[in-house]
Amino acid sequence: MAEDVSPTIDQDIHTEPMLLQMGPSHPATHGTVRFNLTMDGETIVKCDTEIGYLHRGFEKESEHSTWNQVFPYTDRLNYVSPLLNNFGYALAVEKLLELDVPPRCKWIRTLMGEISRLTDHLTATGASALELGAMSAFLYCIEGREILWDLVEQVTGARLTVSYGRVGGLRDDLPENFEEDWEYVRERLYEIHEEIRTLLSRNRIFLDRTQGTGAIDPETAIDWGFTGPILRSAGVDYDVRKDHPYFMYDEVDFDVPVGETGDNYDRYLVRLEEIIQSIRIIDQCLEKMEPGPVTADDPRVVLPEKDDVYNTIEGMINHFKLVFEGIQVPAGEVYSYTEGSNGELGFHIVSNGTGKPWKVGIRSPSMIHMGGIHELLEGGMLADIIPTFDTINMIGGECDK
Amino acid sequence: MAEILIDYVREEYEDAVLESHSRLGNDTVVVDKDAVPDVIQFLKDDDRCKMNLLRQISCVDYDNRHPRFEVVYVLYSLQHKHMLLVRAPVPEDDCEVPTISHLYRTAGWLEREVWDMYGVTFDGHPDLRRVMMYEEFEGHPLRKDYDKQDGQPRTEFLSRERDSVEEFNIYVKDRDAAGSRDE
Amino acid sequence: MPKVTINNEEIEVDDGTTVMEAAAQLGYDIPHFCYHPALSIPANCRMCLVEVEDNPDLQPSCHMPVNDGMEVHTESERVVKARKSVLEFILVNHPVDCPICDQAGECKLQDYYMAYDAQESRLRTEKVDGVKVYPLGPEVVYDGERCILCTRCVRFCEEITETDELTTAQRGDHTEIRTFPGQELDNNYSMCTVDICPVGALTARDFRFKCRVWLMNTTDSVCTGCSQGCNIHLDHFRNEVQRYRPRYNPDVNDYWMCDPGRYTYKEVHQDRLEDPMVGDNVVNWHAATQAYVSTMDEALDTFEPSERAMVLSPQVSCEGLHQARRFADEVLETDRLYMGGKPGGESDDLLMNADKNPNRRGIEYVFGGLEAVDSFESLVDAMEAGEIRVLHMMNKHIPTTDDALRARFVDAVADLDLFVLQAMHRGEMVFPPDHRGDFPAADLDDPTLVELADIALPSSSHAEQDGTFVNEDGIAQPFSQSFKPLYNSQPDWQIFGRLGDEMGHSLSYRRLADLREEMFGDAEDDAKPKTLDDKQSKSRAPADAATQPTPAE
């Protein structure tokens, strides 16, 4: 630290700050982010974050697609929890349409959303462990992620880029053996959770590297716009699922873990506990769900049955117009927000009354966290960037849109 | 729904408010763009409002409408759990809004993003440069007249040096002035 | 002036206005199939039924005249239910053809189904079959299953073209549109029936399966087929014109346009001169301009002003002609101007004019009268007499059908010292075209004017530039650019500007708006050449435009 340096030292020896670029192609900056670091020895004096390496023009492309064609783009936002993005966007468009979806649809959305949250937390925890050297923990987390993805594949047909949500409902109902498969996954996830806890939570090396590093106090966190596990680790009890419930979150029982110090260790603990809570929510959903339709009953929004499409002119016209012109969403503007796995995911949607959106703006938690990450890094050491960046869990797709 | 917030704003800043409405779960107040920092400061500091979380700054390009742009601020209060949207229409020929980066630190990046994507400048912003696009990018991509397929000129390979010797010296000198090395 | 209340809004209208027109003035669109503002009103589709206070039955709003104090509801429960029922009946025998039907995307049935019906089918039996792909004439193909028997096409042939080719045949479920035995739907406006058909029952042979409607972009333009200057919607996709559709203009062409005019869209893409040429070599614009400058400088020194001539083309926009005039005055310094363009052709009572060039009146306007421009025969005579040594020709058309005269011209051109050709096409278009197909080009063995040209410069069509045409009645009509100039061509006004600048005169304008400012600028807004004289428009003028509802086609 600079205060340990004798005041006369730089009169004899010429010192200069070192410019270090922890560039986009770094194994630890997954999701391509660049840190322009000004270093004084090992200490970071100034950090300038640069993002945009994964910018794909999501918002611009959405303006040229119909409302339902935007779903594949939303998959690729936070690509480790695609279902949460799908449903967040569907919720926003349904608000504009003032359309209510049937209860079973909401249960399934809650359930699948929590599965996505599980995959994200497992990835974040695993990656943090990996980059601090604990490769076994990473492999256990990835195993957990794999069995979850198998479940997702059964339901949606794809592991990662699912496009499962639709305006007015879902693509399809859950398969019949879902509950059975979930039993196996659930047991295995509990085991994995226990493994990780024993491997990491009292691990000397892990504690040394994550405790006390990347700390932030609640007021600064709020000022920087942090939400999600980061804000909760700092001690602020804010979870959109509890405060402004949507889908069926007000009908399930779950706790929201809140940390104390806001450092990396707390963030890791918050995520670990959220895994247990998500499993709890999924169990309750499966218990309380009733059979029923999964799409809204509005032919102007939802595609008709294929049988009707091929055999009746009405079904054909319906399908034709919905696919080629898109759903005619009345003109208006809405800002709708859900709890993404990293923070609050908001969709600011403007419609001009036609089948294509006029604007789809995304409030991506990762980008806002990147805006404030230099606050956590400055004053710390170079090695602390790794656990901080990992527990912030910036997902490139979400940050750069 | 917190329509009461609209009333508070109207009380304090009646002449700045152009319009207000409450639709689809969003309470909105449309204000004159020069009044934005005052209105938002009021919303942040007033005890009844306490909007301490700036959720989003976004911009909408209403092509062929005058004023062309509209900057949208989404504010939220963690204490009272209410949300308000503040919108400021910005005409194309006077494409500038006073900054609120002194009120919320997250506004720094959010305003940079709006500048990058739409070309709306923020008067008083300490560091208005591109955030998602690279520096040499020409134009503002999310504007409606920027064609999706537009190309960009090739850029030269630059080697960038940032001179942060001054920053280092400030760092060292500040700590000197604070007397941290006296013991 | 009766007052009527529609959906609780009162409006005062002229006597004789129908409820539908009154509603359109208030902004309420009432759905309809058989009604067309330019045709008689049969009220057979029953889609426009509305509820009138104190009347137990629903009334067809297209036919019912407004009475003073009438109260009308266009969105009441009975009306909504009636619309659903009408649509259900129409759709009962309608084939599931959307994927193969041209009309998809501009089909009234599709639009109204989504807007007013959105119910499932209740049909439990088989649909009634009809005739499919039945050619009614050389241009139009009929599909009996899709037809909803609105009889718009029948009425069009009776009332507009007055040729009475179509009628409804058979009865009940099996009713179809047929021509009278021995006749074909073969008048000059047969493709207008395709426009007015609300469903895909009548399709144009030329456009069948060509391009999907939602893929096309539309621009407002003017047909270049004849001097009537019918307003059109130019539909294009990926920089290629797909079709013309008539645009409503009560002063010029009403809702219609002729078939030969529709086919002129092919001229934009067929056989274009793609690049500038110097002799036989393809060069770029810079080299061509340099070659022009060097040869023209020499020619200007060698030859007197009276030995230089210019052939003007009435196919070119007013802006191009304005530049041509300045070019002839300042660069060529000649007043030997001759009229080119396409030769005359057939005309009829309705829209087709004998003059097949869109902008002859434009030449009159720009050059201050047609006396300034001499006939083509006198040019050929002058050339053969050796009086003309330098010729700058705009467009390749030779305004005569006399083969002998054409041959004389081509021979005379071969003898010129400097021949500069500024044209759109490479081949010689034989005119009048057979309006059922492509424009046949001349034999490749014959030396074409492009080959004879010392310098050939490619110019752009009306689809590739903004401009103005003045039609035969003196109405100046602007047309818009649909896509950027194809290949290496440039609009005429830019070519002249460029050549003039290189020759040392400042002729070019940076923007078309500046050019237009100079052309039309001193005239007041109203006095911009709207009518150069009081000649009445040939098309049937409908009722006063103020009582026209939003023209539904």
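Visitor: Which residue stands opposite B:Val71 in β5(B)?
Guide: B:Ala88 stands opposite B:Val71. Before going on: the model is predicted, so local features need pLDDT of at least 70, side-chain atom pairs count only at pLDDT 80 or more, and totals for chains, interfaces and linings use all residues. Residues are numbered from 1 along each chain as its sequence is written, while chains are lettered from A and ligands numbered from 1 in the order in which they are written.

Visitor: OK. How many bridges join β4 of chain B to β5 of chain B?
Guide: There are 8, between β4 (residues 69-76) and β5 (residues 83-90), and the two strands run antiparallel. Strands here are DSSP runs of E with at least two residues, helices are runs of H or I with at least four residues, and both are numbered from the N terminus. Two strands pair if DSSP finds at least two bridges between them.

Visitor: And what is the strand order in the sheet?
Guide: In chain B, 5 strands form an open sheet with mixed pairing, ordered β1-β2-β5-β4-β3. At the edges are β1 (17-23) and β3 (53-61) of chain B, each pairing on one side only. Neighbouring strands are turned by 20° against each other on average, direction ignored.

Visitor: Switching to chain C. Is C:Ser459 buried or exposed?
Guide: C:Ser459 counts as buried because it has 28 C-beta neighbours inside 10 Å. The cut-offs are 20 or more other C-beta atoms within 10 Å for buried, 12 or fewer for exposed, and partly exposed in between, with C-beta atoms placed from the backbone. C:Ser459 is in the loop between β21 and β22 (467-470) of chain C.

Visitor: What is C:Ser459 in contact with, beyond four places in sequence?
Guide: Its contacts include C:Gln422, C:Met424, C:Asp492 and C:Ile495. Contact means that C-beta atoms, placed from the backbone, lie within 7 Å.

Visitor: How many residues of α13(C) are buried?
Guide: In α13 (residues 492-502) of chain C, 8 of the 11 are buried, so the helix is largely enclosed by the rest of the structure. Among them are C:Asp492, C:Trp493 and C:Ile495. The cover includes α7 (285-302), β20 (418-423) and α14 (512-520) of chain C. Just after α13(C), C:Gly504 takes a positive phi of about 100°.

Visitor: What about C:Glu71, where is that?
Guide: C:Glu71 is in strand β5 (residues 70-73) of chain C. With 15 other C-beta atoms within 10 Å, C:Glu71 is partly exposed. Leaving aside neighbours within four places in sequence, C:Glu71 is in contact with C:Thr5 and C:Glu53.

Visitor: Last one: how many residues does each chain give to the contact between chain C and chain A?
Guide: Chain C gives 16 and chain A gives 12. On the chain C side, α3 (residues 108-117) gives the most, with 4 residues.

How values were computed
Axes are lines fitted to C-alpha atoms, for helices over the stretch in contact, and angles run from 0 to 180 degrees between N-to-C directions. Two residues are in contact if their C-beta atoms, placed from the backbone, lie within 7 Å.
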